[in-house]
Number of protein chains: 2
Amino acid sequence: MKSVEIREGINRKYPEWIFQLVTVDEAGKPNAMPAGWCTFCSGDPVMMAVSVAFERYTHELMENSREFVLALPNQEQKEAVYYCGTNSGRDVDKFEETKLGVTPGIEVEVPLIKDSVACYECRKAGSLDTGDHTIYVGEVVAAHVSEDFTRSIYTTQDWHKEGPEGFRTIEEIATG
Amino acid sequence: MKSVEIREGINRKYPEWIFQLVTVDEAGKPNAMPAGWCTFCSGDPVMMAVSVAFERYTHELMENSREFVLALPNQEQKEAVYYCGTNSGRDVDKFEETKLGVTPGIEVEVPLIKDSVACYECRKAGSLDTGDHTIYVGEVVAAHVSEDFTRSIYTTQDWHKEGPEGFRTIEEIATG
């Protein structure tokens, strides 16, 4: 093993999955932020944890909400995910701009993203500040899958430089 | 989107990465537990979070320790990872049984696993109980990479049934 700078060492983690974290403001208007830093964290009940930087608009929405949705984007949503990750819901209506569709959940007021590989409806159960992010934990109270889209996308090492094409399916990563 | 049982919905998450969580007991004897429920959770300082079930021996070790190591296993360590995931350090010496090699870290007393794709030395910074697990957060204080092994392994949907072959590289997953 060779000791390396921490930032260099982190590059070994790719490919890393990516979710869209969906929240709503007080008026019920939805917003989505790509979140790679996400994990399941309980089996019974099923719970998920997602990490959000303090300065994000989504952080503000998460602080003021009891509910959120985690959605696994499909391979046709790369452009939309990239747009959501490079613009702030403070300035733009991301769903309007990306034409991502929404559809109601069954347990929470936050909508699902249409055609997601999977959507998990979550009810906030706790949080923990860690460095420059907060980990939000939610109990998964409902799950949905797309019947048409089954392949989610992953980030590759240079996705920040590559733009939407930096998000790839496993098959695209393996072949290219 | 189609509403499904939560457990069925979770299957859409695969492939999911897997780490080995390395801890030591009071005598300094190391133990390793595969942990897929792991995420980065801060950029500055770099921090990672890993979720450990209450009943695990590793949970006991994590409660009594200030340090841990997260290691990304390489494709030749599938059998060892499977062994570590299906046996308890309460009963066996996993490093003895698997012949996984250890090598000292530079910032923590917990050893690295030799030939890991990457190892992250962590100093415990917080924890949060969530359902049936505890999320442990650590600041990454050093990173190491293998010069020979660069491909980590991921879990596939049926890995619990498949055994060691259920852990696959991205290339192995893509080619079926």
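I will begin with confidence. Chain A has an average pLDDT of 97, and 100% of its residues score at least 70. For the complex, the predictor gives an ipTM of 0.97 and a pTM of 0.98. Please keep in mind that everything I describe comes from a predicted model.

Next, chain A by itself. It contains 6 helices and 13 strands. Its radius of gyration is 16 Å, close to the 16 Å that the globule rule gives for 176 residues, so chain A is as compact as a globular protein of that length. The C-alpha trace spans about 50 × 35 × 35 Å along its principal axes. Of the 176 residues in chain A, 51% are buried. If we take the contacts in chain A with a separation of 6 or more, 62% of them are between residues 24 or more positions apart.

One strand to look at in chain A is E7, residues 67–72. Is it mostly covered or mostly exposed? Mostly covered: 5 of its 6 residues are buried. Strand E3, residues 19–24 of chain A, is joined to E7(A) by 3 bridges, and the two run antiparallel. Strand E10 of chain A, residues 118–130, is joined to E7(A) by 6 bridges, again antiparallel.

Strand E12 of chain B, residues 154–155, pairs with E13(B) over 2 bridges in the antiparallel sense. In that pairing, Tyr154(B) has Arg168(B) as its bridge partner.

Now the relation between the two copies.

How many residues of chain B are in contact with chain A? The count is 52 residues of chain B, in contact with 53 residues of chain A. On the chain B side, the elements that give two or more residues are strands E1 (2–4), E5 (38–43), E6 (46–53), E10 (118–130) and E11 (133–145), together with helices H1 (6–10) and H6 (170–174). E11(B) provides the largest share of that side, 8 residues. By type, the chain B side divides into 31 nonpolar, 14 polar and 7 charged residues.

Why can we say that the copies meet through the same surface? Because 100% of the interface residues of chain B are also interface residues in chain A.

Strand pairing also crosses between the chains. Strand E1 of chain A, residues 2–4, is joined to E11(B) by 3 bridges, and the two run antiparallel. Within E11(B), Ala143(B) is the residue opposite Val4(A).

To close, two points to take away.

Note on methods:
Residues are numbered from 1 along each chain as its sequence is written. Chains are lettered from A and ligands numbered from 1 in the order in which they are written. This is a predicted model: local features need pLDDT of at least 70, side-chain atom pairs count only at pLDDT 80 or more; totals for chains, interfaces and linings use all residues. Two residues are in contact if their C-beta atoms, placed from the backbone, lie within 7 Å. Helices (H or I, at least four residues) and strands (E, at least two) are DSSP runs, numbered from the N terminus. Ala, Val, Leu, Ile, Met, Phe, Trp, Tyr, Cys and Pro count as nonpolar, Asp, Glu, Lys and Arg as charged, and the others, Gly among them, as polar. Two strands pair if DSSP finds at least two bridges between them. The radius of gyration is taken over C-alpha atoms; the globule rule is 2.2 Å times the number of residues to the power 0.38. A residue is buried if 20 or more other C-beta atoms lie within 10 Å of its own, exposed if 12 or fewer, and partly exposed in between; C-beta atoms are placed from the backbone. pLDDT is the predictor's confidence in each residue, from 0 to 100.
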